[in-house]
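Here are my notes on this one, in the order I'd go through them with the viewer open.

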Amino acid sequence: MRFLKKILFAAALCTIALGASASPAEPKNGVEYETLVTPQATESGKKIEVTEFFAYYCPHCNVLEPQLAAWVKKQGDNIVFKRVHVSRDESVAPQQRLFFTLQAMGLVDKLHTGVFHAMHVERNRLNTDDAVFDFVAKQGVDRQKFIDTYRSMGVSARVRRADAMMQGYNVTFWPMIAIDGRYITSPSQADQGSKSAKNEEQLNAQALTVMDVLVAKAKAEKK
């Protein structure tokens, strides 16, 4: 009887050990994410500000979009989610101005996924002003109103703000996600500890898991 109890006790210990080893490891600073040397100002008050640095032409941003959208929806009121379209060169400047014009007109939620679809499925590069104007007109947007906003000082200011944020957050590749002005991570970085991802969707899933941890961490630090 005592022998049987010892076997059962040993089996229970093994089960506990296996359960512990199966749990995901805590992401490490400098591996799966980084802490900014200089924290950046946020505007979300007590809520956690999450900012995606992305580009419409970026294929990795395109793949991430549906998974990120689902994650943001799941977070609900726990976060304030923002997007920043990064700068690169004049060949993609129309896409950046397209995003900030949609943002200024309150049309991002309506047309954001449509822009990705146009670029990565329909192969519409949207790399000229006229191509952008034609695209939005086909979506039912007032063409002249869009053009006026696109060429406005307000949109130019948003572009300059994006450039400043890229410098402040040290954004050199994308997609990159910033958590509350203090932490940054990305799909490729989130896999650095385990090197277990077999495809891009798995890379994205790991990044979202790291983001869960960072949101909780930032929230605890605000208390």
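1. Start with helix 2 (residues 59–75) and helix 4 (residues 108–120), which pack at an angle of about 135° with their axes 11 Å apart. Axes here are lines fitted to C-alpha atoms, for helices over the stretch in contact, and angles run from 0 to 180 degrees between N-to-C directions. The two helices are therefore oblique to each other; under 35 degrees would count as roughly parallel, over 145 as roughly antiparallel, 65 to 115 as roughly perpendicular, and the rest is oblique. The crossing of helix 2 and helix 4 is left-handed, meaning that the near helix is turned anticlockwise from the far one by less than a right angle (clockwise would be right-handed). Pro59, Cys61, Asn62 and Glu65 of helix 2 make the contact with His112, Thr113, Phe116 and His120 of helix 4, where contact means heavy atoms within 4.5 Å. By class that gives three nonpolar, four polar and one charged residues; Ala, Val, Leu, Ile, Met, Phe, Trp, Tyr, Cys and Pro count as nonpolar, Asp, Glu, Lys and Arg as charged, and the others, Gly among them, as polar.

2. A word on provenance: this is a predicted model, with local features needing pLDDT of at least 70 and side-chain atom pairs counted only at pLDDT 80 or more, while totals for chains, interfaces and linings use all residues. Residues are numbered from 1 along each chain as its sequence is written, and side-chain values use heavy atoms, with hydrogens and water left out.

3. Overall, the chain has nine helices and five strands. These are DSSP runs numbered from the N terminus: helices are H or I with at least four residues, strands E with at least two. From the N terminus on, the order is α-β-β-α-β-α-α-α-α-α-β-β-α-α. Buried residues (under 20% relative accessible area; exposed is over 50%, partly exposed in between; 1.4 Å probe, protein chains only) make up 42% of the 223 residues. Of the contacts with a separation of 6 or more, 73% are between residues 24 or more positions apart.

4. Now the sheet: it is open, has five strands in the order 1-5-4-2-3, and shows mixed pairing. Strand 1 (34–35) and strand 3 (79–85) are the edge strands, each pairing on one side only. Two strands pair if DSSP finds at least two bridges between them. Strand 1 meets strand 5 (residues 183–185) in the antiparallel sense over two bridges, with Glu34 bridged to Ile184.

5. Strand 4 (residues 176–179) deserves a look of its own. Strand 2 (residues 48–54) pairs with strand 4 in the antiparallel sense over four bridges, and Ala178 is the bridge partner of Thr51. Strand 4 also pairs with strand 5, again antiparallel, over three bridges; there, Ala178 has Ile184 as its partner. Met176 and Ala178 point one way, Ile177 and Ile179 the other, and all are buried.

6. Asp180 sits in the hairpin of strand 4 and strand 5, which has three residues between the strands, and is buried with a relative accessible area of 4%. Asn170 likewise has a positive phi, near 55°, and lies in the loop between helix 7 and strand 4. In that loop you will also find Pro175; the Trp174 to Pro175 peptide bond is cis, with omega near 5°. For context, most residues other than glycine have a negative phi, and most peptide bonds are trans.

7. Last, the other helix packing. Helix 3 (residues 93–104) and helix 7 have axes that come within 9 Å and cross at roughly 115°, and the crossing is right-handed. The residues in this contact divide into five nonpolar, four polar and three charged. Helix 7 also holds Met166, which is buried with a relative accessible area of 12%. Not counting residues up to four places away in sequence, Met166 touches Phe53, Val86, Ser87, Val171 and Trp174. Met166 and Ser87 are 79 residues apart in sequence, yet 8.4 Å apart in space, C-alpha to C-alpha.
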